[in-house]
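Dear colleague,

I am handing over the structure that I have been working through, and I would be glad if you read my notes beside it. Please keep the sequence and the 3D view open as you go.

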Amino acid sequence: MKGTNLGEFEELVLLTVAALINEAYSVAICDELSDHTGRSVKLGVVHAVLNRLEEKGLVKSELGEATKARGGKRKRFYQLTMQGKAALVNAKSMRDELWARIPALVWKKM
Amino acid sequence: MKEQREHHPPSWAQRFVEWYCKPGLVEDLTGDLHECFERNVQSMGPRRAKLIYIIDAFKFFRSYTVRSSLFVNLFTNRIMIGSYVKTSGRNIMRNKLFSFINILGLAISMSVGLLLIAFVLDLRSYDRFHKNGERIYRITNVLTSKSEDGGKFASTSIKTGRLIREKVTGIEEVAIMRNDFSGDAKVGDNILPIKGFWAEPSFFRIFTFPMVEGNAATALKDPYSVVLTETAARKLFGNQAAVGKTVKIDTLAYQVTGIMKDVPFFSHISFEALVSLSTAEQINKGDNHFAAWTNMWSNSVYILPSENADMAAIRSQLNALAREENLAEENTKIQLELLPLYNIVVGESLRQSEGGPGFTGPHVPRVVLWILGGLAFVVILSACFNYTNLSIARAMRRIKEIGLRKAIGAGKSQVRLQFLAEAVMISLAALLLSFLLFLVLRPVLINMAPEMQRTVKLNLTPAMVAAFIVFSVAVGIIAGFLPAIFFSKVSPMSAFGNVSSVKMFKHLTLRRSLVVIQYTVTLIFITTTAVGYVQYKNILAFDLGFKTANILNINMQDNKPDVLMKELSEMPEVTALSRSLITTGVGNAWGGNMKYKDSRDSVLVMTNHIDENYLPLHDYKLLAGGNFVARPVTAQAVGEVIVNQQVLKRFNIGGNNPEKAIGEQITLNGRKMTIVGVMQDFHYGKVENLIGPVAFTFWTPEDRAIISARIQSSDMPATVARIESIWKKIDRVHPFMAEFYDKAIEDAYSEFSTMIKIIGFLSFLAISIASMGLFGMVVFTTETRLKEIGIRKVMGASDGNLIYLLSRGFLLLLSVSALIALPVTYFFFKIVVLRNFPYHTPVQIPELFVGLLTVLLIAFIMIGSQTLKAARSNPVAVLKSE
């Protein structure tokens, strides 16, 4: 395992899971990501990432209720674990720190 | 969903996901796919949605979704295949008799399959060299008429082509082609009979016939231009340049405007020359009938719709066009249909105009292919049955092996695979042998009929080799299927327990029924051959109503017959001579309209023009009156007619009394004629045609001629050779065309002899395969019962008793087959085949039973020899070894 570091796309997925609260399942995550990032996100990729996140213990999942749509198949809903939350917070604070280190001067030069 | 119809994702793709996916993931994964699918149906339509579903189903095949056992299985199977091949090889070597019977049987039957595959592939390669082939269509005329037989014709009128060009939209090119252009091309002293078509410049735009010299766009534009194939040009001009030169064809001079590559063998149209259609238009300038809507007998029209054209719209335009033209016609209605180019050679049978030259080229109805395929399939299946039967019969010996395999962990699928691998190995070995047989049989098949030589080449191509291998593997799988299922079900417990109690004996019914099916098929084949052969001989020996023995018919091919007649009459071997327009009784026909007193009642009668010697030479029976009295020299002066009884019956002339009919006047083709003789009915057409009204009129020098010469000679070939040398003096260009009448009749029924040869060959194969199978079965059953036989012998059973005991079962099976096969064959002939022959002889008992006797004899020899061997064995030797 590559440690608990989050990849860029992993982070996005994790954030979306957090944002969608109780509606976080693969297709919804996929749509949400497409809307907000403006890139076309493939379902297969999202699926693989969710699977990896679950392996790392950052999310947990359970099957929902069966509905008439989806050919009677149940959805798998994802939720952040404590570790997941910690990983996100960790990633954010790391960035904030790095941001804070950039002197304002640098921006003006560009 | 807005739409009424609900769309479902492709179920196989769904099953595929369910198969490879981990059980924990499968539900939400398929659910996700389904949700996307429903969404895609809305946004992109069901077809693209399905496609995307399938792509996604494959995309989800990833390391984290796939069941781990799947990889392990695939991996072990890879390893095991080596082991399967090894054990199969050992098994094949160990049971030499078993392998020999199976390989030989499969090889024999597969050679038929190979021939058929080669045949079908050749037929499928027709016309594929045209770049636009997929888009090219030919117009089919569907004729319904009050005065003649309707039907679907491959030909159409010139007007159709012109109208399509003017009115129908969505069509890129139209090519009108007029057939039967033929004549003697002459360049200097070089004379070559040449055949071809009249065609338009668009011909080269629709079809891919590359030009070697000349401009394809203009070559067929001006009247009196001709495009020659390379071969024809070489024959006429030698090595000189031909383009721009003049060729005299019959009486007209043509300019050579182009040389094209020879027409490929696999083309449904073949020709040596193309003459511009404008030539035909000029020659027939004054003739209104030339381009009439109903003059549909000798032209074909090909169209090339533009790319992405709406075929339904084109069809409805054609219908509208036909409807408009039909308005002007009283008796005739013509519909236009489109026939794709690729369906011309293999497809629906179309009619050609009677008496016209055949121009549609090679053609095989789809039904024939299905029948041949069915027959080949039955023979191959018979060989597969052998394999199945013998494998299961040997079960006893292998059950321990299977038990051991299972005990150390082989699953059902692995046992199945092993047996399939074994069967496929045997069938691949059989393929090698059957390929040799294929090479031997190929020339035999091609030379069986002249049509065959014209239709197929059966040359090997990579596609053919691939098809052979696929075919052989498929045969192996079919043969090994049942044994594989059977052995995979064996439980290791019973295998190590009491072997004889294994449920293999439950499969006796299966084996028995396979044997019965095999023998029923064999018997049907062989009886059909026997009955068909007898019927064919009866047809050849059929009393046509006139004599045909030792009569040589010489086709004069546009030459005047006088010189040859004179030369022939000086030959001592020639005892009688006559002239006629056509040869009857072999399917040729020449018709005319006959009327009697009622001018509205007209009937199509078959006619022939004959001279005064024709009737006596062929021994026609005259019921009343006599031969022609007048000897007119022009067709205009002909005023006498000899009719058959059917004419009297049809018009009720003289109250059906031949004597009273003499002197009556009839109208034939608009000319008044007097009946001078009445003939007994005879067969003008072939035996399958009902006898209809026939009228003979006098032959005049204006007609083409066929000379009939009765020859009395002890050395026929030498006499014919002498006549041929006389012919060469008269006509240096055209080859001598002469045939004995009996031979001509034989040729007329050549399709029957071909059919009988094919079925005869297949029945020979079927009988050898079935016999080999039976032999194997007898060997194995007697072997397993050796001990029983020994005990019976000790108890005092005689050889006769034992043979009866051992062969009883097999003979019973054979009788069941016979009881099914013979009635089936009998009713097949009575109801299906002979119904088409109004003058047939009924099926007789001897020919029905001759096949049965042969099969029984062979079976008996095999059963007898083996059981006798077993019965004669010394019980001491058998019983002491345990």
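Predicted model: local features only at pLDDT ≥ 70, side-chain atom pairs only at ≥ 80, totals over all residues.

Residues are numbered from 1 along each chain as its sequence is written, and chains are lettered from A and ligands numbered from 1 in the order in which they are written.

I begin with the backbone. Most residues other than glycine have a negative phi. B:Leu458, however, has a positive phi near 60°, and this residue sits in the loop between helix H14 (450-455) and helix H15 (462-488) of chain B, where helices (H or I, at least four residues) and strands (E, at least two) are DSSP runs numbered from the N terminus. B:Asp558, which is not a glycine either, has a positive phi of about 75° and lies in the loop between strand S12 (551-555) and helix H18 (562-569) of chain B.

Are these two residues buried or exposed? B:Leu458 is buried because 21 other C-beta atoms lie within 10 Å, whereas B:Asp558 counts as exposed because it has 11 C-beta neighbours inside 10 Å. (Buried means 20 or more other C-beta atoms within 10 Å of the residue's own, exposed means 12 or fewer, and partly exposed is in between, with C-beta atoms placed from the backbone.)

Next comes helix packing. Helix H11 (residues 366-393) of chain B packs against H15(B) at an angle of about 30°, with the axes 9 Å apart; axes are lines fitted to C-alpha atoms, for helices over the stretch in contact, and angles run from 0 to 180 degrees between N-to-C directions. H11(B) is therefore roughly parallel to H15(B), a label for angles under 35 degrees.

Finally, the contact between the chains takes 14 residues from chain A and 14 residues from chain B. On the side of chain A that touches chain B, helix H2 (26-37) and helix H3 (43-56) of chain A each supply at least two residues, and H3(A) gives the most, with four residues.

With best wishes

Terms used:
Parallel < 35°, antiparallel > 145°, perpendicular 65-115°, else oblique. Contact = placed C-beta atoms within 7 Å.
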